[in-house]
Amino acid sequence: MASLDDLKKRIASVKSTQKITKAMKMVAAAKLRRAQESAEKGRPYSEKMNNVILNLSSGISDKENAPKLLSGSGKDQIHLCVVMTSDRGLCGGFNSNIIKKAKSYFAKLSEEGKELKIITVGSKGNDQLKRVYGDKIISHISFKESKNANYFDAEKVGKIVIEKFEDEEFDVCTIFYNQFKNVITQIPQAQQIIPLNTETSEEDKSDDSYEFEPDEDEILSNLLPKNISTQIFKAMLENSASEQGSRMSAMDNATRNAGEMVDKLTIEYNRSRQAAITKELIEIISGAESL
Amino acid sequence: MSEEFKVEIVNPEKSFLIKEDVSEVIVPAFEGEMGILKDHISIISFLKPGIIKILSKSGDENYYVEDGIVEFKNNNLSILTSSIFNINDLDKSKQQDLLKQAEEEANKPEINDQSKYLVDQKIEVLKSLN
């Protein structure tokens, strides 16, 4: 059994850990509110953008000559995966959930004999993936300096992706991120952005045709690169909200566990203190009796 | 019959402006300025740098945009843009900043014709604001 002094020290150390986790939880809660707000505010833009593109692509006359970003390169051999994670740890299963999703996708690809290329965004994902897939990672981007997700950063990632596509370095591009549902639930998502999946929404197949100015092709070829940045930006916003939510619940759990531990240790401490007193009493009494 | 329709301006961060009682919107479309009234045919077009004028009963508003897409459908006008400023909020120093940025870009040697055209537009509009 640990001595009284040891127990005292452990209680103190658990208490100070609890203070840290509590502080982190509070910081995450404050950040979460902001991140959640901006994620919700950012949704209309990407939805509208998607709608416009859907309308455009359904109106396009000859699919053969459609921009490559829409129709793909015609092949399905090289897959580029953009795995978006956070730059900081201590946020529960947030990063490992994305990685798990991505890894199962990678395994499926290699089963089918497809070639794999990876871009990691955020250092945590890079750390976890480079052990197994180190040779597949072609680029690593991190936005440690920027505090909040902003459109500039998303545009940077988008440009890299488009450049690589134009150099024919890959055929299909998928992004991995966590979709924010609520504080407790975040759903890891795999979203294909090149070629664009136009069959996803089965909503009103509006038959009223649009007038275009300039013509469809030109609009599409201008719009598609923007859409990629937009989708990436959306993923970044969702991710940052998810990260804070996940951290908040993880830290909440940690604080509660620390509290339980302190209670248990305190009971143990009191018991051994009492045992020591009882022992001393017995010694004194039996000493007096023997006289 | 009311002659009003709805306009919505969205940028990547948030919904920038929603107005329900608009009588006319003039946008700097790619191939020239375009005024949109109620019951316009469905249209999708690009913006070039310029001024968006929103005319409504409650007063006119002017916005400076650098790029974007307009979509008009069922009397809903959506403008998607990543760079928009209310002219009233755009003070002299901010204008100068944007102008300087644009001029720097225009002087880059590797600029292609189309972006050169856009940047020139931008400079022209910014200068006209002063």
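Modeller: Chain A has six helices and six strands, where helices (H or I, at least four residues) and strands (E, at least two) are DSSP runs numbered from the N terminus. Their order from the N terminus is α-α-β-α-β-α-β-α-β-β-β-α. The radius of gyration of chain A, taken over C-alpha atoms, is 28 Å, well over the 19 Å from the globule rule for 291 residues, so the chain is more spread out than a compact globule; that rule is 2.2 Å times the number of residues to the power 0.38. Along the principal axes, the C-alpha atoms of chain A fill a box of roughly 115 × 40 × 35 Å.

This is a predicted model: local features need pLDDT of at least 70 and side-chain atom pairs count only at pLDDT 80 or more, while totals for chains, interfaces and linings use all residues. Residues are numbered from 1 along each chain as its sequence is written, with chains lettered from A and ligands numbered from 1 in the order in which they are written.

Of the 291 residues in chain A, 33% are buried, meaning that 20 or more other C-beta atoms, placed from the backbone, lie within 10 Å of the residue's own. The largest nonpolar core has 77 residues; such a core is a set of buried Ala, Val, Leu, Ile, Met, Phe, Trp, Tyr and Cys residues joined through C-beta atoms within 7 Å. Helix α6 (residues 216-289) of chain A gives the largest share of this core, 13 residues. V82(A), V83(A), M84(A), C173(A) and F176(A) have the most contacts inside the core. Leaving out residues up to four places away in sequence, V83(A) touches residues including I98(A), I118(A), L129(A) and F176(A), a contact being two C-beta atoms, placed from the backbone, within 7 Å.

Terms used. Buried ≥ 20, exposed ≤ 12 C-beta atoms within 10 Å, placed from the backbone.
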